[in-house]
Amino acid sequence: MKKGCLHEKWVLITGAGHGLCRALSLKCSENGAYVIVNDRDFARAQETYELVVQSGGRALCFEMDVTDIQSIARVRDEIIQKIGTISVLINNAGVVVGGSFEEVSLEHHLRTLDINLKGPILVTHQFVQDLMEDSNSVIVNIASASSLIPLPWASTYAASKWGVLGFTESLREEFKLKKRVRPKVIAICPSYISTGMFQGVKLPWLMTWISPESLAKKIVQSIELGKENVLTPWNVVPVPLAKAILPSNWFSALCRWLGVSRSMVEWQGHSMKN
């Protein structure tokens with residue numbers, strides 16, 4: 001079997017305690033990577049670690065809060081002591097909070113921004129120098145289809161993901177202007193993933209749920225192929241073009257007609273505590 005670019009590379013995946021994070025850990029390991037799992041809930045990270053090891057993979061496990069720079073720095077120091085530098089960083093830790101903007105507490109709005117946007121920036125800043133030392137290094141940021149469209153009843157979540165996409169594309173262009181071929185910087189923009197985070201969502205017309213396993217497979221493929229922006233499933237792909245060519249009121253009407261604009265109205269996903 002041909003060995004891919006992940007073979008025997010150390011991959012750090014943030015928030016690896018459940019859902020997509022866990023699927024990513026297992027898929028990266030399946031493709032020959034050594035996986036560093038972490039979560040602010042160490043027990044959940046430990047469960048993922050054990051699944052990777054039981055499947056024959058090699059892994060490390062840490063408790064890490066992506067909103068706490070001291071926590072991130074401590075983990076980086078331990079990683080360097082144990083295995084040296086990482087080759088791939090996947091910024092995947094995230095939360096979803098739905099509800100009318102004024103009814104969601106300010107604490108939850110700010111916590112969403114802290115985890116979803118501040119988190120990737122803090123973690124990337126802490127590890128970017130290490131990644132620059134590897135000629136095959138990659139940074140993967142999990143954005144969202146909501147990085148491309150308005151998402152009522154999840155305004156701060158959408159804002160955080162718009163920020164992640166802007167951060168990703170800006171950092172990528174900065175590296176290119178500095179004539180740095182690495183690290184490669186990839187943005188993943190999926191629609192609704194079938195995890196508890198999106199329970200209660202009413203899918204827009206023609207939209208289907210994405211399983212964590214199928215998305216993990218697509219993310220690994222994007223790393224192997226060096227894709228820059230991955231929009232999935234197929235009906236997310238034409239969104240940027242539609243937004244570019246349609247008048248804003250037409251695009252908004254299209255989102256309403258497809259059911260995108262009201263898809264989060266009955267959201268019942270994980271609470272912030274989870």
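Partly exposed residues here have a relative accessible area between the buried limit of under 20% and the exposed limit of over 50%. The model shown is predicted.

Figure 1. Trp153 sits in the loop between β5 (138-142) and α5. Its relative accessible area is 27%. That value falls between the two limits, so Trp153 counts as partly exposed. Phi of Trp153 is near 70°, a positive value in a residue other than glycine. Most residues other than glycine have a negative phi.

**Figure 2. Glu8, in the segment before β1.** Glu8 lies ahead of β1 (10-13). Phi of Glu8 is near 60°. This is a positive value, and the residue is not glycine. Is Glu8 buried or partly exposed? Glu8 is partly exposed, because its relative accessible area is 47%.

**Figure 3. The cis peptide bond between Arg182 and Pro183.** Omega is about 0° for the bond that joins Arg182 and Pro183. Pro183 is placed in the loop between α5 (155-177) and β6 (184-190). Most peptide bonds are trans.

**Figure 4. The cis peptide bond between Thr232 and Pro233.** Thr232 and Pro233 are joined by a cis bond, again with omega about 0°. Where does Pro233 lie? Pro233 is in the loop between β7 (229-232) and α7 (239-245).

**Figure 5. The largest nonpolar core.** This core holds 40 residues. Which members touch the most other members? They are Cys28, Ile90, Val140, Ile219 and Ile223. At least two residues of the core come from each of β1, α1 (19-30), β2 (34-39), β4 (88-91), β5, α5, β6 and α6 (212-225). A second, separate core has 26 residues, including Leu12, Tyr34, Leu131 and Leu171.

**Figure 6. Contacts of Ile223.** Neighbours within four places in sequence are left aside.

**Figure 7. Cys28 in helix α1.** Helix α1 is the place of Cys28. Cys28 is buried, because its relative accessible area is 0%. With neighbours within four places in sequence left aside, Cys28 is in contact with Leu6, Val11, Ile13, Ala33, Val35, Ile90 and Val220. How many residues separate Cys28 and Ala216 in sequence? They are 188 residues apart in sequence, and 8.3 Å apart in space, C-alpha to C-alpha.

**Figure 8. Ile36 in strand β2.** Ile36 belongs to strand β2. A relative accessible area of 0% makes Ile36 buried. Leaving aside neighbours within four places in sequence, its contacts include Trp10, Val11, Leu12 and Ile13. Leu60 and Phe62 also contact Ile36. So do Ile79, Ile83 and Ile86. Arg74 is 38 residues from Ile36 along the chain, and their C-alpha atoms are separated by 14 Å.

**Figure 9. Asn91 in strand β4.** Asn91 lies in strand β4. The residue is buried, because its relative accessible area is 4%. Asn91 and Pro120 are 29 residues apart along the chain. Their C-alpha atoms are separated by 5.5 Å. Pro120 is also one of the contacts of Asn91, once neighbours within four places in sequence are left aside. Val123, Thr124 and Thr14 are among the others. Ile139, Val140, Asn141 and Ile142 are in contact with Asn91 as well.

Figure 10. The chain has 8 helices and 7 strands. Its C-alpha atoms fill a box of roughly 55 × 40 × 35 Å, taken along the principal axes. A compact globule of 274 residues would have a radius of gyration near 19 Å, and the 18 Å of the chain agrees with that. Buried residues make up 51% of the chain. Of contacts between residues at least 6 apart in sequence, 70% join residues at least 24 apart. The chain carries 29 positive and 25 negative charges, and their mean positions are 7 Å apart.

Key
Residues are numbered from 1 along each chain as its sequence is written. This is a predicted model: local features need pLDDT of at least 70, side-chain atom pairs count only at pLDDT 80 or more; totals for chains, interfaces and linings use all residues. Side-chain values use heavy atoms; hydrogens and water are left out. Helices (H or I, at least four residues) and strands (E, at least two) are DSSP runs, numbered from the N terminus. The radius of gyration is taken over C-alpha atoms; the globule rule is 2.2 Å times the number of residues to the power 0.38. Buried means under 20% relative accessible area, exposed over 50%, partly exposed in between (1.4 Å probe, protein chains only). Contact means heavy atoms within 4.5 Å. Lys and Arg count as positive and Asp and Glu as negative; His and the chain ends are not counted. The place of a charge is taken as NZ of Lys, CZ of Arg, CG of Asp or CD of Glu. A nonpolar core is a set of buried Ala, Val, Leu, Ile, Met, Phe, Trp, Tyr and Cys residues joined through side-chain atoms within 4.5 Å.
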